[in-house]
Amino acid sequence: MTYQRPNFRHPELPVNELGYTRKDYEGALSTLCAGCGHDSISAAIVQACFEMSIEPHKVAKLSGIGCSSKTPTYFLGNSHGFNSVHGRMPSVATGANLANRDMIYVGVSGDGDTASIGMGQFTHAVRRNLNMMYVVENNGCYGLTKGQDSATADVGSASKKGEPNPFEPIDLVSVALQLGATFVARSFSGDRAQLVPLIKAAISHRGFAFIDVVSPCVTFNNNPASTKGYEHVREHLAATGTVDFVPVKQEITTNYPPGEAQEVTLHDGSVVHLQKADPGLDISSRRSALGLIKDYKAKDQILTGLLFMDEDSRDLHEIIGTSNKPLRSLVESDLCPGQKVLDNLNESLR
């Protein structure tokens, strides 16, 4: 058990614009291993939703199978949730999203759940630009089944009891970029200052927002020979720059030096500021992002931060022209408009 959380809360806890405290965004007590990076990701989601004043009942949490897919239980306890079978979360998310476009969809998956059995489902959710935030909690191993290497384990990386991995890894960030994801980022579970604004931006983005979070498995894959352990990640981290998310409700200002920042306006009017550490990054260019990822990998560094965003993204509903109303709110007159409408439709096809 990661931590003990008392039921008592200070009576004067800070509240957001809805009058909720941070406690209102928490979930059940975590049963993951002490120090698991996944709990830090859950805490970042809680913090982001609290600061954004999101109504918990308007969020749908979806997951597959694995340690990572247990985590929706540990945040947003007053939200809707669905735990699907292994690798099938994207199809469940697609069905739910098409039925009710007004919900905020948060998908949580793992490197096995996405990069192995769920890869086919993941690719189609990306190419359809499903409107959701998709978080992969990436530890390079199957923690739920005793630490076998996953498809994202780097060549030469070794778990505590395993041999060095001989196979090339699947880089989910590069895959997402090549498939057409309209928001792509990478972060580290131990860097909340970077992760929280990325989550805010991903939730506000219209379209498929993908965040790959390196999240060390303290039980099976946290040792000097592993490239997904705390020691290695902290020594090899590199960031694209400082990311800042400014909601439209606040005055949008910036004091970044000219030529060292990039600003993207989201569909709801919110703004993402990126103070660049690497001038070679253009977050509106997939080619720029892919090239920079390869450059940093050649230097044995893990590039984190916001890598790509399409501010003119059209999500699945816009692409296929669905109803502006959630299906659950359609009444009989909407679904069966009458013989006259049918006659006009048939006539238009003659």
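Modeller: Val264 stands opposite Val272, a residue of β12. The model is a predicted one, in which local features need pLDDT of at least 70 and side-chain atom pairs count only at pLDDT 80 or more, while totals for chains, interfaces and linings use all residues. Numbering starts from 1 along each chain as its sequence is written, and side-chain values use heavy atoms, leaving out hydrogens and water.

Strand β12 covers residues 271-276 and pairs with β11 in the antiparallel sense over 5 bridges (pairing takes at least two DSSP bridges; strands are E runs of at least two residues, helices H or I runs of at least four, numbered from the N terminus). The open sheet has 3 strands in the order β10-β12-β11, with antiparallel pairing. β10 (241-246) and β11 (261-265) are at the edges with a single partner strand each, so one side of each has no neighbour in the sheet. From one strand to the next, the twist averages 15°. Helix α7 packs on this sheet and touches β10 and β12 (contact means heavy atoms within 4.5 Å). The direction of α7 makes about 50° with that of β10 (angles run from 0 to 180 degrees between N-to-C directions of axes fitted to C-alpha atoms, for helices over the stretch in contact).

Helix α7, residues 192-204, also packs against α1, residues 37-51, at an angle of about 55° and with the axes 9 Å apart. That angle makes α1 oblique to α7 (under 35 degrees is roughly parallel, over 145 roughly antiparallel, 65 to 115 roughly perpendicular, the rest oblique). The crossing of α1 and α7 is right-handed (the near helix is turned clockwise from the far one by less than a right angle; anticlockwise is left-handed). From α1, the residues in the contact are Ile41, Ala43, Ala44, Ile45, Gln47, Ala48, Cys49 and Glu51, and they meet Arg192, Leu195, Val196, Ile199, Lys200 and Ile203 of α7. By class, the contact between α1 and α7 has 10 nonpolar, 1 polar and 3 charged residues (nonpolar: Ala, Val, Leu, Ile, Met, Phe, Trp, Tyr, Cys, Pro; charged: Asp, Glu, Lys, Arg; polar: the others, Gly among them).

Ser40 is also in α1. Its relative accessibility is 27%, so Ser40 counts as partly exposed (buried is under 20%, exposed over 50%, partly exposed in between, with a 1.4 Å probe and protein chains only). Ser40 and Ser189 are 149 residues apart along the chain, yet their C-alpha atoms are separated by 5.7 Å.

The axes of α6 (residues 172-179) and α9 (residues 286-298) come within 10 Å and cross at roughly 160°. That makes α6 roughly antiparallel to α9, and the crossing of α6 and α9 is left-handed. Val173, Ser174, Ala176, Leu177 and Gln178 of α6 make the contact with Arg286, Ala289, Leu290 and Ile293 of α9. By class, 6 nonpolar, 2 polar and 1 charged residues take part in the contact of α6 with α9.

Helix α6 is mostly covered, with 6 of its 8 residues buried: Leu172, Val173, Ser174, Val175, Ala176 and Leu177. In α9 lies Ser288, which counts as buried because its relative accessibility is 14%. Leaving aside residues up to four places away in sequence, Ser288 touches Gly280, Leu281 and Asp282.
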